[in-house]
Amino acid sequence: MTAAAQKAARGLKRDFGEIEQLQVSRKGPSDFVSAADVKAEKVLRQELLKARPRFGFLMEESGETKGEDGHHRWIVDPIDGTTNFLHGIPHFAISIGLEMDGDIIAGLVFNPIADEMYYAEKGKGAFLNDRRLRVSARDSLADALLATGIPFRGRPGHAPFLTELERVMPHVAGVRRAGTASLDLAYVASGRYDGYWEKGLQPWDVAAGILLVREAGGFISDFDGSKEDLAKGHVVAANAKLHKPILDLLAGKA
Ligand code: LIP
């Protein structure tokens with residue numbers, strides 16, 4: 001997984017470097033970023049197939065490919081934070097999750113610009129480069145820094161999101177919207193954020209990050225506290241002390 005991410009990242013860093021020039025072109029960089037997305041996904045597929053030829057794939061650009069072994073599936077986003085990439089904002093990541101019989105057993109989130117490789121294997125802890133990760137120890141919402149995602153043009157849920165934000169804002173130290181779900185979850189795992197919530201994400205946005213949070217001692221669930229459903233993409237992640245208080249805030253119970 002690491003080798004595949006690093007190989008794909010070489011091309012992404014080169015393409016990201018060209019975005020600045022494209023920003024000023026009349027046509028703009030949209031097609032260029034789509035091509036960068038497809039190119040990175042092709043490299044990831046090639047490298048992961050070489051390593052595990054019988055595994056299946058669920059990839060953002062090319063969809064589902066069944067594997068011969070029938071148990072393992074790579075869940076891959078070649079550029080999570082596509083809009084950031086498109087606008088020349090250096091906050092995006094390659095996200096690779098490995099699922100076995102429906103359970104995420106390995107995850108990797110790589111921000112090639114910051115050179116931050118987050119990774120975890122089930123039961124073996126979560127790491128940032130060579131540092132072991134633990135979620136934050138904050139136990140007061142008043143001190144907590146949370147992150148979220150804001151629906152935009154063409155996405156549903158504008159009014160419900162504003163209700164969630166109205167319920168959360170008065171009780172916390174701050175709310176951030178950075179635009180890359182896999183890094184939002186990695187930041188919860190590393191203790192940078194004390195919690196994160198977002199609805200309607202894709203499996204490839206969250207598969208790796210879900211494991212990072214759990215292996216760093218955090219909790220992640222759907223908005224009602226039940227196990228997250230990759231098909232729905234509604235997640236609330238936090239450290240052990242703040243997870244339930246955040247669920248209650250979002251539900252209007254606090
Ligand atoms: C993005 C997520 C982000 C969400 C955006 C978008 P993409 O994924 O990482 O958290 O708010 O709407 O879904 O589309 O850049 O891979």
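Trainee: How far is an oxygen atom of the ligand from an N or O atom in the side chain of D80?
Mentor: This is a predicted model, where local features need pLDDT of at least 70 and side-chain atom pairs 80 or more, while totals for chains, interfaces and linings use all residues. Numbering runs from 1 along each chain as its sequence is written, and side-chain values use heavy atoms, leaving out hydrogens and water. A polar contact pairs N or O atoms within 3.5 Å. For the D80 side chain and a ligand oxygen, the distance is 2.6 Å.

Trainee: Which strand gives the largest share of the shell around the ligand?
Mentor: Shell residues have a heavy atom within 4 Å of the ligand; by class, 4 are nonpolar, 4 polar and 7 charged. Strands are DSSP runs (E, at least two residues). The largest share, 3 residues, comes from residues 72-80, strand 3.

Note on methods: Polar contact = N/O pair within 3.5 Å; in protein donor to acceptor, adjacent residues only side chain to side chain. Helix = DSSP H or I, 4+ residues; strand = E, 2+ residues; numbered from the N terminus. Nonpolar A, V, L, I, M, F, W, Y, C, P; charged D, E, K, R; others polar.
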